[in-house]
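Please examine the sequence and the model shown below.

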Amino acid sequence: MLPLDELRTLLNEHDDPLHRERPRDFDKEASARRFALLTAALERRFGPSGGAGLYQDASVYGRFSVADGAGPAGRLWVELSNFGGFVTAGTGTDWSADTAAGLSAEFVTWLDEVCTAAGCVFVPLELLLEPYDGPTPTLVDDDRFFLETLAALGPDGPEGTEDADDADEEEDEEDLQAVWCHRYFDYV
């Protein structure tokens with residue numbers, strides 16, 4: 001696996017606010033080939049318990065999922081981004097530190113080798129969970145703008161409803177921190 005600093009550099013190099021869904025020079029055939037190679041390797045490893053699907057209106061190209069109990073630490077997913085041939089993986093249902101921790105070192109090594117053979121770059125989920133401070137707006141930014149607009153309506157919120165209490169506001173602020181996953185593995 002590439003050193004984390006090199007991966008951070010690649011993430012920054014591929015960031016282009018003018019192209020949120022796919023890069024300007026997006027190669028549909030190359031992405032399809034990469035995804036086919038990834039899914040073929042995953043199907044060989046996990047058999048019929050896995051399935052693949054493509055995304056639309058997203059910066060993520062496709063996802064391979066393995067059913068609960070069949071993958072390492074239960075449910076497993078592997079995603080390919082439209083950008084940089086980036087691939088990430090996790091367990092469970094969402095992007096979290098627990099999801100990232102569910103992958104064994106043996107599986108990560110195997111997946112990194114598969115990615116290299118497919119012309120992809122494996123990016124650990126832990127890195128993609130770092131705060132995103134790039135120039136491209138994400139859905140998190142849209143949510144933040146919406147909440148700021150609601151707050152500007154006054155203390156009673158829209159149509160006379162009351163604002164959330166302070167604890168809810170702090171939780172919302174934490175949820176509104178964009179991470180690199182939002183840039184390269186999310187809907188746009």
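Cys120 is buried, at 7% relative accessibility; buried means under 20% relative accessible area, exposed over 50% and partly exposed in between, for a 1.4 Å probe and protein chains only. The sulfur of Cys120 lies 5.3 Å from the closest cysteine sulfur, that of Cys115, which is too far for a bond. A disulfide is a pair of cysteine sulfur atoms within 2.5 Å, and the structure holds zero disulfides. Cys115 is in no disulfide, its nearest cysteine sulfur being that of Cys120. Cys115 is buried, with a relative accessible area of 0%.

This is a predicted model, in which local features need pLDDT of at least 70, side-chain atom pairs count only at pLDDT 80 or more, and totals for chains, interfaces and linings use all residues. Residues are numbered from 1 along each chain as its sequence is written, and side-chain values use heavy atoms, with hydrogens and water left out.

**Overall organisation**

The protein chain contains eight helices and five strands. These are DSSP runs numbered from the N terminus, with helices (H or I) of at least four residues and strands (E) of at least two. The order of elements from the N terminus is α-α-β-β-β-β-α-α-β-α-α-α-α. Of the 188 residues of the protein chain, 40% count as buried.

**Aromatic pairs**

The structure holds eight aromatic pairs. Rings of Phe, Tyr and Trp (its six-membered ring) pair if their centres lie within 6.5 Å; planes under 30 degrees apart count as stacked, over 60 as edge-to-face and the rest as tilted. Two of the pairs are described here. The ring centres of Phe46 and Phe107 are 6.1 Å apart and their planes stand at 55 degrees, so this pair is tilted. Because Phe46 belongs to helix 2 (residues 28-46) and Phe107 to helix 4 (residues 105-117), the pair ties together parts that are 61 residues apart in sequence. Phe46 is buried, with a relative accessible area of 13%, and Phe107 is buried at 1% relative accessibility.

The second pair to be described is edge-to-face, because the ring centres of Tyr132 and Trp180 are 4.7 Å apart and their planes are at 85 degrees. Tyr132 lies in the loop between helix 5 (125-128) and helix 6 (139-152), whereas Trp180 is in helix 8 (residues 180-184), so parts that are 48 residues apart in sequence are tied together. Both Tyr132 and Trp180 are buried. One aromatic cluster is formed by Phe83, Phe86, Tyr132, Trp180 and Tyr184.

**Charges over rings**

A charge sits over a ring if NZ of Lys or CZ of Arg is within 6 Å of the ring centre and within 35 degrees of the ring normal. Arg183 lies over the face of Phe83, at 4.5 Å from the ring centre. Arg45 lies over the face of Trp110, at 4.7 Å from the ring centre.

The table lists C-alpha separations for residue pairs.

| Residue pair | Separation in sequence | C-alpha to C-alpha distance |
|---|---|---|
| Ala118 and Arg33 | 85 residues | 8.0 Å |
| Ala36 and Ala118 | 82 residues | 8.8 Å |
| Asp68 and Thr91 | 23 residues | 9.2 Å |

Ala118 is found in the loop between helix 4 and strand 5 (121-122) and is buried, at 7% relative accessibility. Ala36 is placed in helix 2 and is partly exposed, at 43% relative accessibility. Asp68 is located in strand 2 (residues 60-71) and is exposed, at 63% relative accessibility.

**The second largest pocket**

On a 1 Å grid over the protein atoms alone, a pocket is an open set of points where a 1.4 Å probe fits, with protein on both sides within 12 Å along at least five of seven lines; lining residues have an atom within 4 Å of a point. The second largest pocket has a volume of about 170 Å³, a volume being the space filled by probe spheres set on the points, which are joined across faces, edges and corners. Its lining residues are Glu21, Arg22, Phe26, Lys28, Leu54, Tyr55, Gln56, Asp57, Ala58, Val60, Tyr61 and Asn82. They divide into six nonpolar, two polar and four charged; Ala, Val, Leu, Ile, Met, Phe, Trp, Tyr, Cys and Pro count as nonpolar, Asp, Glu, Lys and Arg as charged, and the others, Gly among them, as polar.

One of the lining residues is Asp57, which lies in the loop between strand 1 (50-54) and strand 2. Phi of Asp57 is near 55 degrees, a positive value in a residue other than glycine. Asp57 is partly exposed, with a relative accessible area of 43%.
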